[in-house]
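Dear colleague,

I am passing on the structure below, and my notes on its salt bridges follow it. Please read them alongside the coordinates.

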Amino acid sequence: MDSRRNRDMLSSLPEHLLVLIISKLPFKEAVKTSVLDKPWKHLHHGTTNVSFKESEFVKRSVSSSEESIKEARVAFVRFMVNWVSRFSADVIESFHLCISTPAGFETEIKQLIEFAVSKKVKNLVVDFSDLSCVASNQARPAVLFQLPECVYNHATVESLKLFACGFDPSRFVKQCSFKSLCFGWIELGKIMTLLSKSPLLECLSFHNCWNVGLESITGDNYRLRELIFENCDFSTEYTLLDLPNIQIFKYSGTFHYFQFLRVNRRMEEAYLDYGTETNDEIGTILCDLLYDLLSAKKLTVCSFLLKAVKDSDDPVRLKAPMETRHLVIKTNLVPREFVGIRLMINSCPELETLTFQMLPHAPVLRTNGGFNPQSYWAYPISHECLKKTLKVVEVRNFTRGTYELNVLRYLVRSSRVLERVDLYLPVGTSKREKILAHASMRTLGDEGVATSKRLWIRQHDG
């Protein structure tokens, strides 16, 4: 009775208010409101947030035949075309079009994009990345659809996200209104021409793009606050960055040289993950990069960086203290990383939270003579943050390995104001492993007299 009364109360609202309410719902849920009551039947055709995602409308399973999937995709395209033909509003706030392998539907897709542009869309997402390509991290899928001319001539789009489609940045002739640009699985040799016409740009990200001709980001884009690179290939040897207002800088992939001309001295986050990079002769360059990012409140560094910085000009500390409050170390906790880990801790005198993100086990290489990994963390060497600021230590994917326990014992023994040690077990940990992990955890609280009296050590399921 109450649900019916509530529905009747909603139905009594003016139509324009109901449309506003529906526009706040996920698009698929907005469409479902058509079955609530007769007055609701066509209201969803006025929603200003449209999202056509194949994954939500075309269900795939192991038992799905190729023919059934093809029929479902045809029905999905027909539904999209019919829906926009009945659209009743004057403008669209956001329009998402996500369909894999668009071959065979080029005419309909062009019509859908032209429809969105004609409605002065502000946030446009066009995604043709095939699910199998994304899962396998395929770098260069075939271009099956060229972005229509209307997008290049449209001046009101503020956020543009393009994935796996033909795109030519040089075709934008006028100044653009873009505040956010995101590209994935696209060739971007002419990206500089677009950036020079986007003075309002605040967020820029590249994912699995190739031939990225990013020579520089300079004064034209001084508003930029967020810059993200993920697994990209560059056509330039290096990139100059003048980013006086940058808040977030993230880079993952093989090493690319960035030279910072200016950088914001109040950054929120920096993320550096060089994956399977093998050129470990760039330790000094990486230290210079960390110096440029020293104001980042949260800093994530990878295993490769830890190994490389130990061979820098100064393997003890960086050129200047980092202002980092939360340091995330992606690590195997193998001896080749120990010097880099200590260097990072020593270089963060204001550190409050230290997170070890444990990676899958890697072979442990033989260490140099004179280096005993078993006793490395037993030496009573303290650092500024351990004396004054470090309050939380986290280990993600804790497996109670020998080196994990050695590092934790060192931190528990040396940290004077430590309040919490949180150990997160891997997903799927067996009951027996949980018991053994708990036994290892209990031994940590018995370490030395210098440990904080407020220390609380906890174990968590993944």
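In what follows, buried means under 20% relative accessible area, exposed means over 50%, and partly exposed lies in between, with a 1.4 Å probe and protein chains only. This is a predicted model, in which local features need pLDDT of at least 70 and side-chain atom pairs count only at pLDDT 80 or more, while totals for chains, interfaces and linings use all residues. Residues are numbered from 1 along each chain as its sequence is written, and side-chain values use heavy atoms, with hydrogens and water left out.

Searching the whole structure for salt bridges (a side-chain nitrogen of Lys or Arg within 4 Å of a carboxyl oxygen of Asp or Glu) gives 18 of them.

One of these joins glutamate 433 to arginine 400, with 3.5 Å between the closest N and O atoms. This pair links distant parts of the chain, 33 residues apart, since glutamate 433 lies in helix H15 (residues 431-444) and arginine 400 in the loop between strand E16 (392-396) and helix H14 (402-414); helices (H or I, at least four residues) and strands (E, at least two) are DSSP runs, numbered from the N terminus. Glutamate 433 is partly exposed at 29% relative accessibility, and arginine 400 is partly exposed at 28%.

Glutamate 384 and lysine 388 also form a salt bridge, at 2.9 Å from N to O. Because they are four residues apart in helix H13 (residues 384-388), about one helical turn separates them.

In the salt bridge between arginine 420 and aspartate 422 (2.9 Å, N to O), arginine 420 is partly exposed at 29%, whereas aspartate 422 is buried at 0%.

Best regards
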